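Subject: The structure, and what I found in it

Hello,

Here is the structure I promised to hand over. Please open it alongside this note.

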Amino acid sequence: MAQVKMLNGSSIDLGVCYYPEHWDEGLWAEDLDRMLEAGIQTVRIAEFAWSLIEPREGEFTYDFFDGFLELASKKGMQVIFCTPTATPPAWLTEKYPEVLNADMEGHLYRHGSRRHYNYNSPVYREKTRIIVEKSASHYGPHPAIVGWQLDNEFNCENDRFYSQSDTAAFRRFLQEKYGTLEALNEAWGTVFWNQTYTAWEEVYVPRKTNTNSVNPHQVLDYYRFVSDSVNSYARLQADIVRKYKKPGDFITTNGMFANIDYQRMQKESLDVLMYDSYPDFGYALDGYNPADPMKDRWWSRNLAEVRAVSSIFGIMEQQSGANGWNTRMEAPSPRPGQLTLWTMQSIAHGADYISYFRWRTCTFGTEIYWHGILDYSGRENRRLREVREVSGKLSKMQELAGARYVARVGIVKDYDNIWDAQQDRWHARVDLVSQNALFVVLQQTHTPFDYVYLENHRDAESLRQYDLLFYPHACILTKERIQVLEDYVAAGGKLVMGCRTGYKDINGKCVMEYLPGLAAKLTGTDIPEYSFVAPDEGRITVEWEGAEFAAAVFNDLLAPMGEHAQVLGTYTSGPYAGTPALIRNRFGKGEAYYFGGAFAEDTVRVFLEKLGAVEPYGEILSLPEGCELALREKGGRCYLFVLNYIAEPAEIHIHTKLYNLLEQREETGRQILEKYGVRIFSF
Ligand code: GAL
């Protein structure tokens with residue numbers, strides 16, 4: 001069969017998630033024909049189907065998927081085949097309960113749902129090795145297969161693991177990391193509250209305690225340990241699949257969840273990461289906030305996170321119907337146009353493969369309300385028509401396959417700070433405000449941005465593409481990271497850091513240096529004092545050359561240090577009015593800014609404007625805030641995506657001449673973008 005080489009920069013393709021085991025075999029051929037007719041050329045199968053390959057321990061049978069793959073081949077349908085480890089069979093968990101995950105009190109999560117296993121059980125790892133070896137060696141050579149998905153959504157449902165195997169593995173992880181108990185006691189500050197360990201057997205994964213808080217340095221290491229466990233488990237599978245898969249077939253996994261270093265997973269185990277995108281949660285019945293300007297647009301933030309792992313990626317599960325389990329999550333069906341909008345949202349950020357979840361809505365089980373393209377009856381419907389239209393649009397967009405998302409602004413991140421903020425409320429409060437505000441304002445001002453992870457191998461050269469970096473609250477700083485940032489700024493970059501920078505070391509312990517610790521030299525800043533903004537102080541403001549804006553949540557009171565540091569802004573309200581709140585330090589050819597607060601929306605706006613980063617395509621076109629702008633570029637050709645998320649027509653103005661890719665004509669001047677409408681302009 002003629003294979004579309006997916007995800008290699010030569011095409012943008014459609015797929016769908018299919019569960020042959022949910023349907024009478026008599027439906028398969030018709031389903032595949034209907035998919036192909038709608039422009040769907042790939043199906044993902046088998047991620048929850050362990051028992052169809054190993055119905056009883058050690059008994060293997062391949063007939064079921066052999067039958068399906070043969071039909072797929074005959075029809076010309078490509079297949080992404082999955083390892084089935086997200087749902088261990090009942091025979092396995094019953095005989096070996098140690099494979100199960102447990103809650104913090106050690107109670108096991110039993111059979112009956114999914115993702116109830118733990119990554120560290122020697123039995124589960126062995127059973128995984130066997131099922132992956134059997135599946136990959138048998139199905140690997142099949143011509144219909146184009147790629148492999150490992151497991152399904154690592155860390156979905158649960159991102160914490162408290163089984164006995166986890167404790168045993170945690171001890172090994174710590175022994176390797178610290179060597180001696182003395183070093184561990186030191187790193188965790190166990191002298192506090194008499195937590196000192198005298199034998200490795202006394203050390204556990206976090207357990208229920210009297211205060212419900214656990215030693216924070218232990219918890220930080222625990223999140224690192226969870227990530228290490230997932231990564232080693234993914235690697236175990238990837239190494240086996242790689243032995244058997246055909247050359248050119250890719251290895252992927254789907255979704256993005258907490259406590260996983262995905263950059264490491266990409267490096268060690270994956271060819272490409274796929275994301276599962278359900279923007280309809282922006283309209284979920286529970287927690288719906290009509291005043292939230294982002295709603296389904298928050299998913300662009302997730303897509304930026306995916307892009308920080310795989311610059312070109314896939315969507316393994318793209319929303320095609322209403323969300324819902326029978327026990328939670330209620331959200332409406334995508335309204336006419338939204339299925340297209342959300343597909344294009346993914347493509348705008350770098351997805352070259354879009355696979356809808358799912359073909360038919362399941363008529364049984366927990367996900368009876370998680371709708372696919374088709375409803376229970378399978379009748380022709382409006383969503384399938386919309387998929388057909390999307391397919392027609394894609395045929396006009398093929399030239400942009402492999403084009404890279406372009407951003408001149410970066411938001412710097414690292415897992416140590418992410419995981420620290422997960423447990424440290426002081427850290428979380430500032431981070432939440434700043435991360436949300438940065439995203440909202442960058443979106444509303446049509447300023448594309450990337451997330452940039454400061455992994456160990458990151459060098460300043462790789463940051464050069466950004467004119468401006470925000471590293472809002474690097475509470476934990478390391479010498480290596482500050483060195484990379486110093487090199488970036490010295491070479492001409494602009495870096496903005498916010499309150500609470502540099503007060504913790506890599507173990508999450510507070511440093512005894514003058515703050516901002518390791519960032520003092522780069523930012524030319526000293527922080528003699530600091531405080532939360534008290535609830536009765538209201539909004540604390542700062543003035544910077546005529547602009548007044550908030551210093552939210554927390555205030556570092558600043559003093560300039562050295563001849564290149566200049567106070568640009570001072571607090572204009574609250575108990576510290578008149579104290580410096582913003583310092584610019586010229587450093588080499590660039591500038592580092594230290595701001596004493598968290599970044600509220602008005603604050604971000606002022607920074608973007610004053611630092612010349614706002615609305616970089618404003619000379620080409622003007623858009624209302626309700627529209628997102630994204631840019632992909634390939635071989636000198638740029639593709640500007642305009643996505644209208646609001647249920648009203650939007651007026652846009654093109655100031656030059658742009659080529660409308662979908663309409664295949666040049667356009668200029670005022671245009672009306674229909675509700676949920678999408679335009680792709682090339683120039
Ligand atoms: C994803 C998962 C799918 C399905 C879908 C709807 O998280 O990968 O298997 O469960 O959500 O709940």
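This is a predicted model: local features need pLDDT of at least 70, side-chain atom pairs count only at pLDDT 80 or more; totals for chains, interfaces and linings use all residues.

Residues are numbered from 1 along each chain as its sequence is written, and side-chain values use heavy atoms, with hydrogens and water left out.

Helix and strand names follow DSSP runs numbered from the N terminus (helices are H or I with at least four residues, strands are E with at least two).

**The parallel sheet**

Two strands count as paired if DSSP finds at least two bridges between them. Angles throughout run from 0 to 180 degrees between N-to-C directions, and axes are lines fitted to C-alpha atoms, for helices over the stretch in contact.

Within this sheet, β1 (residues 13-17) pairs with β2 (residues 42-45) in the parallel sense over 3 bridges. Cysteine 17 stands opposite arginine 44 in β2. Contact here means heavy atoms within 4.5 Å.

**The mixed sheet**

A further open sheet, of 9 strands, has mixed pairing and runs in the order β11-β10-β12-β13-β20-β19-β18-β15-β16. Its edges are β11 (449-453) and β16 (547-550), each with a single partner strand, so one side of each is left without a neighbour in the sheet. The twist from one strand to the next averages 25°.

Glutamate 543 has threonine 570 of β18 as its bridge partner.

Helix α9 (residues 298-307) lies across β10 (409-413) and β11, at about 45° to β11. Helix α16 lies across β12 (468-471), β13, β15, β16, β19 (580-587) and β20 (590-595), and runs at about 140° to β16. In α16 (residues 601-610), Thr603, Val604, Val606, Phe607 and Leu608 are buried. By that I mean under 20% relative accessible area, with exposed being over 50% and partly exposed in between (1.4 Å probe, protein chains only). After α16 comes glycine 612, whose phi is positive, near 70°.

**A helix pair**

The axes of α1 (residues 25-37) and α2 (residues 63-75) come within 10 Å and cross at roughly 40°. That makes α1 oblique to α2; under 35 degrees counts as roughly parallel, over 145 as roughly antiparallel, 65 to 115 as roughly perpendicular, and the rest as oblique. From α1, the contact is made by Trp28, Ala29, Leu32, Asp33 and Leu36, and from α2 by Phe64, Gly67, Phe68, Leu71, Ala72 and Lys75. These residues divide into 8 nonpolar, 1 polar and 2 charged. In this count Ala, Val, Leu, Ile, Met, Phe, Trp, Tyr, Cys and Pro are nonpolar, Asp, Glu, Lys and Arg are charged, and the others, Gly among them, are polar.

**Backbone points to check**

Most residues other than glycine have a negative phi, and most peptide bonds are trans. With that in mind, here are some spots to look at.

- A cis peptide bond joins phenylalanine 357 and arginine 358, with omega about -10°; arginine 358 lies in the loop between β8 (351-357) and α11 (382-395).
- The bond from leucine 515 to proline 516 is also cis, with omega near 5°; proline 516 lies in the loop between β13 (494-497) and α15 (520-523).
- Aspartate 151 is not a glycine but has a positive phi of about 55°. Its place is the loop between β4 (145-149) and α5 (164-178), and at 0% relative accessibility aspartate 151 is buried.
- Glutamine 664, likewise not a glycine, has a positive phi of about 55°. Glutamine 664 sits in the loop between β24 (650-660) and β25 (665-673) and is partly exposed, with a relative accessible area of 46%.

Best wishes
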